Amino acid sequence: MEKAIKMAGDAKIHFCHISAGENLEIIKKEKANNKNITCEVAPHHLFLSTNDYKRLGTLGKMNPPLRDHYSQQVLWED
């Protein structure tokens with residue numbers, strides 16, 4: 001992600017299906033530096049986490065994969 005942001009320079013860049021809290025933190029930091037960056041998340045990353053694997057079984061396998069509860073909470077914050 002950081003490499004893509006650097007390569008984009010001042011051009012617009014959009015990230016699809018952000019699921020990791022760490023990636024959203026990078027995007028927020030770069031936006032604060034006047035970078036023209038946008039992103040979106042998929043609904044299942046807002047409502048499901050790795051805590052749901054046992055209940056979901058193979059239905060919980062996706063790409064990008066479900067993340068931990070921390071990442072789920074970070075996605076809700078912004």
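## Overall make-up

Of the 78 residues of the protein, 32% count as buried, where buried means under 20% relative accessible area, exposed over 50% and partly exposed in between, with a 1.4 Å probe and protein chains only. This is a predicted model, in which local features need pLDDT of at least 70 and side-chain atom pairs count only at pLDDT 80 or more, while totals for chains, interfaces and linings use all residues. Residues are numbered from 1 along each chain as its sequence is written, and side-chain values use heavy atoms, with hydrogens and water left out.

The protein has five helices and two strands, and read along the sequence these follow the pattern α-β-α-β-α-α-α; helices (H or I, at least four residues) and strands (E, at least two) are DSSP runs, numbered from the N terminus. The C-alpha trace spans about 45 × 20 × 15 Å along its principal axes. Contact means heavy atoms within 4.5 Å, and among contacts between residues at least 6 apart in sequence, 51% join residues at least 24 apart.

## Helix α3 and the aromatic pair

The structure holds one aromatic pair, formed by Phe 47 and Trp 76, which is edge-to-face at 5.5 Å centre to centre with 80° between the planes. Phe 47 lies in helix α3 (residues 43–47) and Trp 76 in helix α5 (residues 69–77), so the pair ties together parts that are 29 residues apart in sequence. By definition, rings of Phe, Tyr and Trp (its six-membered ring) pair if their centres lie within 6.5 Å, with planes under 30 degrees apart counted as stacked, over 60 as edge-to-face and the rest as tilted. Phe 47 is exposed at a relative accessible area of 57%, whereas Trp 76 is partly exposed at 46%.

His 45 also lies in helix α3, but His 45 counts as buried, with 3% relative accessibility. Leaving aside neighbours within four places in sequence, His 45 is in contact with Ser 19, Met 62, Pro 64, Pro 65, Leu 66, Gln 72 and Leu 75.

## Cysteines

A search of the whole structure finds zero disulfides, a disulfide being a pair of cysteine sulfur atoms within 2.5 Å. The sulfur of Cys 16 has its closest cysteine sulfur in Cys 39, at 9.6 Å, which is too far for a bond. Cys 16 is partly exposed, with a relative accessible area of 47%, and Cys 39 likewise counts as partly exposed, at 30%.
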